[in-house]
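Subject: Handing over a structure

Dear colleague,

I am passing the structure below to you, together with some notes on what was found in it.

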Amino acid sequence: MKDELQSGYKPVQDEVLKTLGVAVIAGQGVEQLLQTCLRFPFHGEPLQTEEQLLALLRQHSKATLGQLLNVLRQRVDLLPDFGEQLDRFLESRNVIAHRLHDIPGGLDMHSDEGRERLMSFLKQFMEDGHHVSMVLIGVLREWRLRRTLIFLASII
């Protein structure tokens with residue numbers, strides 16, 4: 001078939017699969033940002049030793065996204081809208097990782113409507129992930145700025 005790529009899929013199907021791959025990678029990036037925020041800005045206690053740092057780095061390394069979000073909620077009061085967005089991101093991430101056939105309306109790579117549903121789902125997931133990432137990056141930037149100001153005040 002002339003309109004199929006080497007993957008065995010038609011170009012329109014291949015485009016959906018590429019978007020799925022990008023969504024998976026983007027979701028992993030959000031998880032890493034959340035782990036970093038839990039390790040440092042939301043940790044709370046100053047680190048005194050190298051052993052404490054190493055323990056902290058290991059602490060959330062194998063946690064699921066749901067576990068990370070539970071820890072975040074224990075440490076930070078979230079605005080309701082942001083909490084809902086985090087929940088939607090978690091549910092969508094779990095659908096992508098574990099239950100792709102549970103996509104609302106069903107997974108259908110063989111119809112235009114099915115591919116559009118899947119693409120819409122993936123785009124919403126990536127949009128939520130982008131917003132969550134921007135919030136977490138803002139937290140990291142603020143934390144770094146405060147740490148820098150504390151350091152500068154200590155040497156003046």
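Leu38 is buried, with a relative accessible area of 0%; buried here means under 20% relative accessible area, exposed over 50%, and partly exposed in between, with a 1.4 Å probe and protein chains only. Leu38 and Arg75 are 37 residues apart in sequence, while their C-alpha atoms are 8.7 Å apart in space.

Before going further, please note that this is a predicted model, in which local features need pLDDT of at least 70 and side-chain atom pairs count only at pLDDT 80 or more, whereas totals for chains, interfaces and linings use all residues. Residues are numbered from 1 along each chain as its sequence is written, and side-chain values use heavy atoms, with hydrogens and water left out.

As to confidence, pLDDT is the predictor's own confidence in each residue, from 0 to 100, and its mean over the chain is 82, with 86% of the residues reaching 70 or more. Among the elements of the chain, α1 has the highest mean pLDDT (90) and helix α2 (residues 50-59) the lowest (71). Where pLDDT is low, the predicted coordinates should not be read in detail.

The secondary structure comes to five helices and zero strands, and from the N terminus on the elements run α-α-α-α-α. Of the 156 residues of the chain, 32% count as buried. Contact means heavy atoms within 4.5 Å, and among contacts between residues at least 6 apart in sequence, 62% join residues at least 24 apart. The accessible surface, computed by the Shrake-Rupley method with a 1.4 Å probe and, for residues, with only the protein chains shown counting as cover, comes to about 10400 Å², of which 55% belongs to carbon and sulfur atoms.

Helix α1 (residues 11-39) also holds Thr19, which counts as buried at 10% relative accessibility. Leaving aside its neighbours within four places in sequence, Thr19 is in contact with Met119, Leu122 and Met126.

Which rings form the one aromatic pair of the structure? They are those of Phe89 and Phe125, and the pair is stacked because the ring centres are 4.7 Å apart and the planes stand at 5 degrees; the rule is that rings of Phe, Tyr and Trp (its six-membered ring) pair if their centres lie within 6.5 Å, with planes under 30 degrees apart counting as stacked, over 60 as edge-to-face and the rest as tilted. This pair links distant parts of the chain, with Phe89 in helix α4 and Phe125 in helix α5, 36 residues apart. Phe89 counts as buried at 2% relative accessibility, and Phe125 is buried at 3%.

Turning to charged side chains, a salt bridge is taken to be a side-chain nitrogen of Lys or Arg within 4 Å of a carboxyl oxygen of Asp or Glu, and by this rule there are seven salt bridges. One of them joins Arg88 and Asp128, whose closest N and O atoms are 2.6 Å apart; here too distant parts of the chain are linked, since Arg88 is in helix α4 (residues 80-98) and Asp128 in helix α5 (residues 112-155), 40 residues apart. Arg88 is partly exposed at 40% relative accessible area, whereas Asp128 is buried at 1%.

Another salt bridge is formed by Arg99 with Glu91, at 2.5 Å between the closest N and O atoms, and there Arg99 is partly exposed at 31%, as is Glu91 at 43%. In helix α5, Arg115 and Asp112 are three residues apart and so separated by about one helical turn, and their side chains meet in a salt bridge of 2.4 Å, N to O. Arg115 counts as buried at 10% relative accessibility, but Asp112 counts as exposed at 52%.

Finally, Leu145, Leu149, Phe151, Leu152, Ile155 and Ile156 make a nonpolar surface patch of about 660 Å². Patches are made of residues with over 30% relative accessible area and no salt bridge, like charges being joined within 9 Å and nonpolar side chains (Val, Leu, Ile, Met, Phe, Trp, Tyr) within 5 Å. Leu145 has its place in helix α5 and counts as partly exposed at 45% relative accessibility.

With best wishes

Definitions and conventions: Helix = DSSP H or I, 4+ residues; strand = E, 2+ residues; numbered from the N terminus.
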